[in-house]
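Subject: Structure for you to look at

Hello,

Here is the structure I promised. Please open it first, then read my notes below.

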Amino acid sequence: MSSAQDPFYIVKEEIQDSIEKLQSSFHKWEDLRLDGDERAHLTKEILAGCESIQWQVVELEKTISVAARDPSWYGLTEVELEKRRRWTSTARTQVSNVKNAVVAGRDNLNASATRRELMRLPDSNQSDRSNQYIARNNDDFISSESDRQLLLIKQQDEELDELSASVERIGGVGLTIHEELLSQERILDELGTEMDSTSNRLDFVQKKVAMVMKKTSVKGQIMMIFFLIVLFIILFVLTKESRYQLLVFAKMDGHVLARAAVFTMILCMGVPVKVVGRNVSSSKQAVINIGALFTVNSVIGRSVKPAIKAAVDDVNSDSSILQGKHLNLIMSDTNCSGFLGTVEALQLMVNDVVAAIGPQSSGIAHIISHVVNELHVPLLSFGATDPTLSALQFPYFLRTTQSDYFQMQAIADLVEYYKWREVIAIFVDDDYGRNGISALGDALAKNRASIAYKAAFTPGAPISDINDLLVGVNLMESRVYVVHVNPDSGLRVFDVANHLGMMTSGYVWIATDWLSSVMDSSGTMDPDEMDLLQGVVVLRHHTPDSNSKKKFSSRWNQIKDKETSSFNPYALYAYDSVWLLSRALDVLLSEGENISFSYDPKLKETKGSTLHLSTLRSFDQGDKLLRILTTMNFTGLSGQIEFDQDRNLIHPAYEILNIGGTGSRRIGYWSNQSHLSVTAPGSSYMKPLNNSAKDQKLYDVIWPGETVKVPKGWVFPNNGKALQIAVPYRVTYKEFGTRDKGPIGVRGYCIDVFEAAVDLLPYPVPRTYILYGDGQRNPSFSDLVLDVSQHKYDAAVGDVTIVTNRTRIVDFTQPFMESGLVVVVPVNKVKSSAWAFLKPFSWEMWSVTGAFFLFVGAVVWILEHRENHEFRGTPRQQLITVFWFSFSTMFFAHRENTVSTMGRMVLILWLFVVLIINSSYTASLTSILTVQQLSSQIEGIDSLAKSNVPIGVQDGSFALNYLIDELQIAASRIKIMKTQDDYIDELRKGPKGGGVAAIVDELPYVELFLSNVNCEFRIVGQEFTRSGWGFAFQRDSPLAVDLSTAILQLSENGDLQRIHDKWLSKNSCSAQGNQVDDSRLSLTSFWGLFLICGVACFISLTVFFFRVYFQYRRYIPEDEENGFEDPESVSSDKRPSRGTSFKKFVDTKEIEIKDKLKRKGSESKSKQQISQIADGQLSSPS
């Protein structure tokens, strides 16, 4: 019994609520003033609540004591009883604590009040003797009143003790009444059982008597009546005692019974009642009934029946399971009928089955799932694959096979693998067919494919209906057919298809697992039937090869009463379903549960009803058995038996077969882990989830017509209409497409490209061109694309730009023309002037260049002056040399040679700089003298958007919406250009003349426009969008893919360029017009060169001066000894000037300095030798 039904927990919740309210009042009592009236009132209320709760707890403890006498009768364990005792003890403690605290507070308050009254001092302002007498009299009164109150309290305590004793006696009476009622209820149950049995026997006898009465004469009937009277007297005597007990109980005073019931509810609510209604227990029975629902005379039923029987025999022969009990299998035949299946299911439930194996039909499963939900009987279906049978709607439905949701995912992956975009679904119009195809549509939509048509036929439809259906299907475009029908009638579809010639090359047939079930059950199919299925791709449930499966296959051959030579996967699922149920029942029994059934009070017999719904009983342990079933985990014949959170078997997998010859061959597998693969799914479950399209692989398929070439999956139907192709009726740039008097009615660059691409297709494309527009102005290309998306036209062929918004509603081919928006502005010729030669460089560039000429010349002079005689002479000659050398390097005409290493290094770097400057100057001057100049300051789309000048766009172009929506340019600035003459006129007028400053249009149009205006206008800036032109088709049109491939072939073989040259190749101006200022070179372009040259000069000068300085340091002593100084530089004290000496030293030739230093070294050595000789002579004796 659940907690919600146990009276103990109901009373417990009520007491707990009372305790929480009591504690809340107690907290409020603590916060009140000690001498307040509200606190006194709340004290009485709390004490009264404590008494009430304590009384309830005491009575609840008594019921626990009663239940402890026979716990098994009430379905309780010692752990549960101890748990209840602990709770009552805790509740008693909580109430006692509150009561003691309140009583203590009340007593303290009374004592304090008494002390305050007794110890109250007289007023200091009144000290007369009369007041003292009054105070003494008051004290006497208070004392006597206190004694009286204590006496009353004592009397109340005695009365409460007597009342408590009375309540205990009443409680004992209530418990006695409760036990008596239980015993009477057991007697009534036994009496009811006997009366039911007797009633059944009387019904049987009555029917027999009626038959006898019809066959006998009047005399015989009289004798029969006499015999029945005697029989009635005998039965009356036998049932006298039972009738007496019933009458005695019925004559009991109704008021007394009501009072007894009230006492039982009040005093004994804590005693859990085990018997609810008429309870029938089978705990002592050795047999457990289970049911099986399926159509015996069917492809699946003929395989399932022996498998279920074999599984039951195996379970019953295994002593380690079910604790010695046996399964009793009750089979019911649903006869492929929803109505009869429902009736059989109800009849099966009357037999008190703990679970039902089946049904195989999804339609019947939908109906009887409502029944098992009400009766709490788990339904283990091995064949109902309808994906809409969800655990949320039908909690007692448990699918022990794979859902069609996964099978349709596998078919969707097949369609994507072979790059088909549309399929036609042929299915039986019932729950199984409709919901399975609905799941297929959802799976295809994820891969951007769809169901082109749903061809449904009723169950059991005649051949004529199927023939009419396939005739209509054959007239459609798609050639990929998915057949999802019942196994018993599915072959008729292929019989009719073969008769209609639909099993030949170009057709694709994909069958769900129904066909593999037929083939597996029959073992060896009839050759004529195999001829119907050549090239068909079929799915089959993947069941891993195992030793147990091999043993079952060997055992199958030994079964005598089987109707098929082999079995299909549904037989394995049915076998595993029986074992799944048996293992779950074993767990249930091992937990101490008893299998019992109860009459459902909601199933009442209505007036005049003969359905006998009251005979249906619900399984008491059904919910617990269901929970156990969903948590089971073991390996069966079909593989791993384990359920996910949605109650689907884990690891769904299918084999993909290709029928050919006299059998089939496996071309791959599908699983939700690796999807399409040629390896068995078992090894892929340990690897990460793989959804990559490049890793999907299958072996080659032999398609209908005995071809290995993958069919394209669609054709133009023989009786279908030609493609309705819309062509923009252009007013401007008619080279791209316009009206023509030829056979097809249109001509132009886009038309030629489309025709050339269609010619490359391996199939004919009937088509009709329809001009879109009135010929007065260019049509709106956005409206054209919208009409294609709304199926007003099949395609749009023309200069249709591929933009994001359009790709959301139609499919485009590969672009056949690159395109992008550009800005066109007018240009003017640049007038030459006498000072044009100065324009290549900016004034900063001229200044820095001249300065560096002088700087480099001075550096070279410093480095060469001491060594090179060409850089020496009088100051005037040397100054002229510096200037001459500096500027002659501009033309590489310097005649002076450099001899120093550092001078040569500086000169080489400078000559490189001069070379770059000369080349840049020449190129810039040439550009300035030949280029045209823009007549406005617009340099591209950025400057155009920031300005307020008017802008022109082509009528019907997407550039209008782009400028307004993307660049936020005001619509008032934009003018619509309807003709090419409008382009020229508006640009020539300019903003001041009421025209436009620039035109924004696509590059192919602009190039064609510029080729006809004698270079009067130019493109400025770069393309600010990148797009292309393509042909637009309806969504998911296979022609878009095939034509994209054809356009790529045209591009590779050069035909696309030849078509371009035919229509668009004309003389054109330079695509880019630059301003003079853009050709002028500034210092920014050359500062790196000047920096390198300057650094080299600085390093050379630094090295040079360090070298001279060290030479000068060595040279100074010799100058002082030899008087090598300028006489004019001698000071008054006759000491030489260092500054003048250094200047003189620097101006001296390098070779002279080196010679003097050599002589100085020789003289120093000679002096040292003479000194040594002199020292030697002085040291010798005289």
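Which backbone nitrogen does the side chain of Gln 696 reach? The side chain of Gln 696 reaches the backbone nitrogen of Leu 676, at 2.7 Å.

First, some ground rules. This is a predicted model, where local features need pLDDT of at least 70 and side-chain atom pairs count only at pLDDT 80 or more, while totals for chains, interfaces and linings use all residues. Residues are numbered from 1 along each chain as its sequence is written, and side-chain values use heavy atoms, with hydrogens and water left out.

Now the whole protein. It has 35 helices and 33 strands. These are DSSP runs numbered from the N terminus: helices are H or I with at least four residues, strands are E with at least two. Of the 1182 residues, 43% are buried (under 20% relative accessible area, with a 1.4 Å probe and protein chains only). Take the contacts (heavy atoms within 4.5 Å) with a separation of 6 or more: 74% of them join residues 24 or more positions apart.

Back to Gln 696. It lies in the loop between β18 (675-677) and β19 (723-728). Gln 696 counts as buried because its relative accessibility is 14%.

Next, Leu 863. It belongs to helix α23 (residues 843-864). Leu 863 is buried too, since its relative accessible area is 3%. Leaving aside residues up to four places away in sequence, Leu 863 touches Ser 900, Met 902, Gly 903, Val 906, Ser 1100 and Phe 1104. Val 906 is 43 residues from Leu 863 along the chain, and their C-alpha atoms are 9.6 Å apart.

Best wishes

Terms used:
Buried < 20%, exposed > 50% of the residue type's maximum accessible area, 1.4 Å probe, protein only. Polar contact = N/O pair within 3.5 Å; in protein donor to acceptor, adjacent residues only side chain to side chain.
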